[in-house]
Amino acid sequence: FMSETITQARGAASRAVTVLSQKFLMVGGVVSVVDQTKCVGCLTCVRSCPFNVPKIQESGAAYIEPAACQGCGICAGACPRKAITTLNYSDAQVEAKSAVLVEP
C-alpha cells in the first residue's frame with residue numbers, strides 16, 4: 001500500500017539523517033597499515049583488495065585510507081614483502097593467540 005511505503009521511506013530517511021548529522025563518524029579499529037619503508041609499489045594489494053582501498057602514492061609506495069579500509073586483511077595476506085599489517089592482527093599476535101589455544 002502507498003501509505004505503508006511512505007511510512008517506511010520516512011523511517012529510513014530519519015535513520016539516515018541521524019547518521020549524517022553527526023560531526024564525525026567512528027569507524028572500527030581493525031584497519032590495514034602500510035610500512036612505507038618496505039613497500040615497493042608492486043600493486044598486489046591494489047589488485048587483491050575487494051574494496052579498491054589501497055592507492056599508490058607518488059612516492060611509489062601504497063597508502064591505505066583508514067576510514068575506507070574494511071579491515072578484511074586480504075591485502076596484508078597478499079603482500080609479498082609483508083609491508084602491510086592489519087592492526088590488532090599482526091602475525092605475532094595471531095601466533096600468540098593460537099599458542100594459547102593449543103597449550104594444555
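Lys82 is partly exposed, with a relative accessible area of 47%; here buried means under 20% relative accessible area, exposed means over 50%, and partly exposed lies in between (1.4 Å probe, protein chains only). The structure is a predicted model, in which local features need pLDDT of at least 70 and side-chain atom pairs count only at pLDDT 80 or more, while totals for chains, interfaces and linings use all residues. Residues are numbered from 1 along each chain as its sequence is written, and side-chain values use heavy atoms, with hydrogens and water left out.

Lys82 is located in the loop between helix 3 (74-78) and strand 4 (84-86). Helices (H or I, at least four residues) and strands (E, at least two) are DSSP runs, numbered from the N terminus. The phi angle of Lys82 is near 55 degrees, a positive value in a residue other than glycine. Asn52 has a phi angle near 55 degrees, again a positive value in a residue other than glycine. The loop that holds Asn52 runs between helix 2 (44-48) and strand 2 (55-56). Asn52 counts as exposed because its relative accessibility is 53%.

The largest nonpolar core contains 15 residues. Such a core is a set of buried Ala, Val, Leu, Ile, Met, Phe, Trp, Tyr and Cys residues joined through side-chain atoms within 4.5 Å. In soluble globular proteins, nonpolar side chains tend to be buried together. The residues with the most contacts inside this core are Val34, Cys39, Ile64 and Ile84. Contact is taken as heavy atoms within 4.5 Å. When residues up to four places away in sequence are not counted, Val34 touches Cys39, Ala62, Tyr63, Ile64, Ala83 and Ile84.

Cys39 is buried, since its relative accessible area is 18%. The closest cysteine sulfur to that of Cys39 belongs to Cys45 and lies 6.0 Å away, too far for a bond. Cys49 is likewise in no disulfide, and the nearest cysteine sulfur, that of Cys72, is 5.7 Å away. A disulfide is a covalent bond between the sulfur atoms of two cysteines. It is assigned to a pair of cysteine sulfur atoms within 2.5 Å, and by this rule the count comes to 0 disulfides. Cys49 counts as buried because its relative accessibility is 9%.

On the surface, Val19, Leu20 and Leu25 form a nonpolar patch, with about 330 Å² of accessible area together. Patches are made of residues with over 30% relative accessible area and no salt bridge, where like charges are joined within 9 Å and nonpolar side chains (Val, Leu, Ile, Met, Phe, Trp, Tyr) within 5 Å. A salt bridge is a side-chain nitrogen of Lys or Arg within 4 Å of a carboxyl oxygen of Asp or Glu. Accessible areas come from the Shrake-Rupley method with a 1.4 Å probe, and for residues only the protein chains shown count as cover. Leu25 lies in the loop between helix 1 (2-20) and strand 1 (32-34). With a relative accessibility of 56%, Leu25 counts as exposed.

Ala9 is placed in helix 1 and is partly exposed, with a relative accessible area of 46%. The C-alpha atoms of Ala9 and Glu65 are 32 Å apart in space, the two residues being 56 residues apart in sequence. Ala13 also lies in helix 1, and is partly exposed at a relative accessible area of 39%. Between Ala13 and Ala68 the C-alpha to C-alpha distance is 23 Å, with a sequence separation of 55 residues.

Lys55 belongs to strand 2 and is partly exposed, with a relative accessible area of 49%. From Lys55 to Glu65 the C-alpha to C-alpha distance is 8.5 Å, at 10 residues apart in sequence. Residues up to four places away in sequence aside, Lys55 touches Ala61, Ala62 and Tyr63. Ala62 and Tyr63 are also among the residues that Val34 touches.

Ile74 is found in helix 3 and is partly exposed, with a relative accessible area of 39%. Beyond its neighbours within four places in sequence, Ile74 is in contact with Ser48 and Pro50. Ile74 and Gly60 are 14 residues apart along the chain, and their C-alpha atoms are separated by 20 Å.
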